[in-house]
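Here is a friendly briefing to read alongside the model. Please keep the viewer open as you go through the points by topic.

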Amino acid sequence: MTKNIAVIKGDGIGPEIVNEALKALKKVAELYNHEFNFTEVLMGGCAIDAVGTPLPEETVEICKKSDSVLLGAVGGPKWDKGEGKNRPEAGLLGIRAALGLFANLRPARLLPPLKGACHLKTEITDKGLDLLIVRELIGGAYFGDRRTFTDEKGHKTAVDEMKYSDYEVERICRVGFDLARKRRGKVTSVDKANVLDSSRLWREIAHKISAENPDIEYGDMLVDNTAMQLVRNPAQFDVIITENLFGDILSDEASMITGSLGMLPSASLGETGCGLYEPIHGSAPDIAGTDTANPIATILSAAMMLRYSFDMEAEASAIERAVDKVLEENYRTADIMSEGCILTGCKAMGDLIAERIRKD
Ligand code: NAD
């Protein structure tokens, strides 16, 4: 198969970690007889430096024409003083909007060799921790009307509107149910239907989609209870579907209980197959250029690209197995280093993983 991939290396450790993910993709292409064409484009601080804007038009055009986008990270202290629309992060929000990416997928999986890095007790993690949060990404409170004003009694007051329409809930629910079918077949829809109208609509639509998917086990859960259950008994979850604000908070909670930031991938998907794949961490300017960054989150993001945008399940699993193998052999980058393990740089970690990618 031939696939065109836009590559945004970005700032800080972005170029270092993306280079390692490219090694893994090239190895997959060689083993499975695919052709991946990579086109590098600018976004973030490096784009501001080169052409004066964080998201050049050319970048948007190339990303739109590509089958998928691989992103490192953007931002850094050099560009922190810029105006809102001329900061690196504006590039990120702009590309998500330009590609219509409404579904954010964040898996949180505890890899057995990294059990020690998990913040939960072993009696909890022994039951397993392998869940996927599907967060609505372009609706709700982050995109509703907002204003700050002085009320009639002279109090400074702020309002953020949390708005959802049926079609927005329906499309994200469909993504969640489809993904659950490829996993363990269970969906938990998270809302605050005991208080919020938008959540009551959410629940109504989620039930409708559940009725259309009787093969998928389904349950509702209030968001406050979910926050508690994630640390009490995460093994009960397979796919969690939720709105933007709740998903933002719960996905950070779920990722952090597994351990290191450097291990966690993400995907953002839209109506078309084209998705944006990136690690959940930032550009880590404090360690940029030192060859100490952990490239695994980016390599696993590339695996998600193969699975979700290209329907290459075997190829995605081959990368994930190679990551597991390297960790089982006790190679560790500095952020996940523990006693008795072998300290490995970013490049060496990428090489070790690429070498271990094998065809089933
Ligand atoms: P960060 O995620 O970049 O770093 C937090 C800490 O984790 C740092 O100590 C860093 O060294 C470490 N870390 C992060 N990724 C690592 C990796 N792969 N390997 C080893 N250690 C790693 O968050 P921050 O420091 O709050 O932000 C730095 C910059 O990144 C800011 O400009 C911020 O706006 C930007 N940012 C970008 C994105 C994105 O591009 N999607 C996301 C978050 C933050």
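**Briefing: a loop residue, the ligand and the cores**

A284 is partly exposed, with a relative accessible area of 21%; on this scale buried means under 20% relative accessible area, exposed means over 50%, and partly exposed is in between, using a 1.4 Å probe and protein chains only. The model is a predicted one, in which local features need pLDDT of at least 70, side-chain atom pairs count only at pLDDT 80 or more, and totals for chains, interfaces and linings use all residues. Numbering starts from 1 along each chain as its sequence is written, and side-chain values use heavy atoms, with hydrogens and water left out.

**Backbone with positive phi**

- A284 is found in the loop between β12 (275–279) and α10; helices (H or I, at least four residues) and strands (E, at least two) are DSSP runs, numbered from the N terminus.
- Although A284 is not a glycine, its phi is positive, at about 40 degrees.
- D311 is another non-glycine residue with a positive phi, here about 55 degrees.
- The loop between α10 and α11 holds D311, which counts as exposed at 62% relative accessibility.
- As background, most residues other than glycine have a negative phi.

**Around the ligand**

- The ligand is surrounded by 20 residues, and the closest are E89, G282, A284, D286 and N294; a residue is near a molecule if one of its heavy atoms lies within 4 Å of it.
- E89 places a side-chain N or O atom 2.5 Å from an oxygen atom of the ligand; the cut-off for a polar contact is a pair of N or O atoms within 3.5 Å, and within protein one must be able to donate a hydrogen and the other to accept it, while residues adjacent in sequence count only if both atoms are side-chain atoms.
- G282 has a polar backbone atom 2.7 Å from an oxygen atom of the ligand.
- For S283, a backbone N or O atom is 3.1 Å from a ligand oxygen atom.
- On its own the ligand has 810 Å² of accessible area, and the protein covers 67% of that; accessible areas come from the Shrake-Rupley method with a 1.4 Å probe, and for residues only the protein chains shown count as cover.

**Nonpolar cores**

- The largest nonpolar core has 63 residues, of which F36, L70, L105 and L306 touch the most other members; such a core is a set of buried Ala, Val, Leu, Ile, Met, Phe, Trp, Tyr and Cys residues joined through side-chain atoms within 4.5 Å.
- Helix α10 (residues 296–308) gives the most to this core, contributing 9 residues.
- Another core lies apart from it, with 18 residues that include C118, I133, I240 and L250.
- F36 is in contact (heavy atoms within 4.5 Å) with K3, I5, L25, V28, A29, L306, F310 and M312, leaving aside neighbours within four places in sequence.
- In general, nonpolar side chains tend to be buried together in soluble globular proteins.

**Helix α12 and the cysteines**

- Helix α12 (residues 346–356) has C346, M349, G350, L352, I353, A354 and R356 buried.
- These buried residues of α12 pack against α1 (14–32), α10, α11 (313–328) and β13 (331–332).
- How many disulfides does a search of the whole structure find? The search finds 0, a disulfide being a pair of cysteine sulfur atoms within 2.5 Å.
- C346 is in no disulfide, and its nearest cysteine sulfur, that of C46, is 17 Å away.
- C346 is buried, at 1% relative accessible area, and C173 is buried too, at 0%.

- N104 sits in strand β4 (residues 103–109) and counts as buried at 6% relative accessibility.
- The side chain of N104 has a polar atom 3.3 Å from the backbone oxygen of A267, and makes a polar contact with the side chain of S268 at 3.1 Å.
- G44, in the loop between β2 (35–40) and α2 (45–51), is buried with a relative accessible area of 0%.
- Beyond four places in sequence, G44 is in contact with D11, P54, V74 and P88.
- I205 belongs to helix α7 (residues 197–212) and is buried at 6% relative accessible area.
- I205 touches D166, V169 and E170, not counting residues up to four places away in sequence.
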